[in-house]
Amino acid sequence: MKALLLPFTAALACAQDGITFGPENGTFQIDIRPSLEAVIWSGDTPAPALLGYDDDAFFAPRFSLDIDAAAGENFTFHSTTRWDRGFDAGSAPDGELRIDEAFLRWRVFDDQRLNFQVGKYASFFGSWSGQHDFFDDPFLLAPLPYSQLIGVSPTSPGSPLNTGGPGGGAVPLSLKSKDQWASMIWGAGYGIGGGAFGSTEHFDYALEVKNAALSSHPDAWQEINFSHPTVTARVGYRPDATWAFGLSASRGSWPEVNAVGVDRDNLVQNSLGLDVRWARHDWIVSGEVVLTEFETASSGDLQAASWFVQARYKVSPGVWLAARVGQMLANDAVGPGGAAFAWQSDVWRTELGGGWRIRPSVLLKAGYTFTHTEDDPVAGEHLWGTGIGWRF
Amino acid sequence: MHFPTLFLLLALHAEAAPTGAVTGTLPLPARPRGRIAVEKYTGTISGKVSPPPPPRAGVWIEGTGTAAPAAPPKIALNQTGYQFAQSLLVVPLRTTVEFPNDDPDFHNVFSLSRTKRFDAGRYKKSERPAPTATFDKPGLVRLQCEIHDHMKAVILVVDSRYFTTTDAAGKFTLTGLPPGTYTLYAQFDEKAKWSTSVTISGGKTVSADFTQTATVP
């Protein structure tokens, strides 16, 4: 048995740092790090959040290749290429290969005061996108504002509302195709664009212009089309390392396609976010509030608010427990006769998670999610997930 | 003989015995370069990142009378410029190491090594008391920062009171050695280890030959 396990142990010992190339003088360097994440989802169907499968259980492997390159002290490049069964598990069940991130960064000074970045990368909005990698996020699922369908369709800007239900109200989104609907913020928002950001001991800032709105689908992120850009900014304040506060804002056209009689530049998603994080020793507690508004041609402004609070506690070296609670609320839309109707159901979500970092390069995670959607008796509520991440 | 008198004579004898030294050069292996020290996403580095400290190996002797002291003094391994201050720290068994943070952002030193598994948690600049870990088992302990992936260091825990580190070129001098025959050990990482026998006498400095690799127990 020992002989059988020996190669496995040796591989683990070699893992973690990837492969590095570059001349000895350090003027140029390339780091390549492959990784594997495999998650098994199970629970109610249709699956809650943005998960795109209809089975009782779903196996979602993800192979990633991270490449970092540095030229001199101030220019760096990063790319993340992935093969998986969809950006949201199940959205491409036969597998797809994507470049999720590829950006060039220029750090103007020796410190972090001013950086310019161009390419495809995670949004600067909020604080979650900066910690969404498997090894950084204590949960398997994104927080509610980043992973919950809402009843506005960016693929049907002429008639974007979720109608047809009893009394002209919303039909449960769980009965509809998920790829037609938006999320307040879709995951980490890997749009294409450019921006500037910087940090000092107490303040940080970021400003970016991208090709797609925060609510847009992953497919929209790929299009190199800046005719309807989205501008996002964030300012942060840290009295010291313990506390961090951030204020984010974003404005951009939310339709992803053209439609007859629709001026996409008049249909704007405005978003405002507040994030707070407190950390000390074994505790990290953080939360966000996101307010978003979709301007429509004839149904008024569709407004939604969502918040979440999460906590992670390390119970022993490499082992932690986490909990998160969140809620989403929406206003009423204006119907054809001027009557108000619900365009989006209210949602509650409670999550429990745990992680065990077996080795620096190997992490086991498990979680349970309970999502309750008002007026949607068929929406899946219970979701279990178990995953392993392995950096090579 | 009266016990205090015996003790005094022994002490005088020990003080009179000239101590020697051993010197040499280790053929340090080419060390893999550290990862590029940039943050993929913003928010974890707000200052200037220093270059990583140069690679070093640890050198120590084992033999009669060389065991680690019962209560070694506390040692600090700072985090400065988003790097560990030293790439390798040799400490005698039972040493408590503290990990002060000199940077404006959190650090979170941890190790999942078999020799010592600990997690200091998130602690801020100049926080006192700084987090500590006591190393009560000999071996190699790999340190990392949970927040800054590029930060790496090694603590080499030895059951000896006579130890030092090489410079980046592999050169070392271990001084203050009492007369006797000892096993001289050196270690760079899990794979690069050396050992040889040395005899110290007459207060001389002897050269160690590390051209032959051997196994560290």
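The following dialogue examines how terms are applied to a predicted model.

Mentor: This is a predicted model, in which local features need pLDDT of at least 70, side-chain atom pairs count only at pLDDT 80 or more, and totals for chains, interfaces and linings use all residues. Residues are numbered from 1 along each chain as its sequence is written, while chains are lettered from A and ligands numbered from 1 in the order in which they are written.

Trainee: Why is A:L383 called buried?

Mentor: A residue is buried if 20 or more other C-beta atoms lie within 10 Å of its own, exposed if 12 or fewer, and partly exposed in between, with C-beta atoms placed from the backbone. A:L383 has 23 C-beta neighbours inside 10 Å and therefore counts as buried. In chain A, 44% of the 392 residues count as buried.

Trainee: Which residues does A:L383 touch?

Mentor: Contact requires C-beta atoms, placed from the backbone, to lie within 7 Å. Leaving aside residues up to four places away in sequence, A:L383 touches A:W41, A:G43, A:D44, A:A47, A:P48 and A:T369. A:L383 itself lies in strand β21 (residues 382-391) of chain A.

Trainee: How many helices and strands does chain A have?

Mentor: Chain A has 2 helices and 21 strands. Helices (H or I, at least four residues) and strands (E, at least two) are DSSP runs, numbered from the N terminus.

Trainee: What makes chain A as compact as a globular protein of that length?

Mentor: The radius of gyration is taken over C-alpha atoms, and the globule rule is 2.2 Å times the number of residues to the power 0.38. For 392 residues the rule gives 21 Å, and chain A has 22 Å, which is close, so chain A is as compact as a globular protein of that length.

Trainee: How do you know that β13(A) and β14(A) pair?

Mentor: Two strands pair if DSSP finds at least two bridges between them. β13(A) and strand β14 (residues 283-295) of chain A share 12 bridges in the antiparallel sense. A:W278 stands opposite A:V285 in β14(A). The two strands form a hairpin with 2 residues between them, and A:H281 in the turn has a positive phi of about 50°.

Trainee: What joins strand β12 of chain A to β13(A)?

Mentor: 11 bridges join strand β12 (residues 243-253) to β13(A), and the two run antiparallel. The bridge partner of A:R251 in β13(A) is A:N270.

Trainee: How many residues of chain B are in contact with chain A?

Mentor: 28 residues of chain B are in contact with 35 residues of chain A. β9(B) gives the most to that side of chain B, with 3 residues.

Methods: Two residues are in contact if their C-beta atoms, placed from the backbone, lie within 7 Å.
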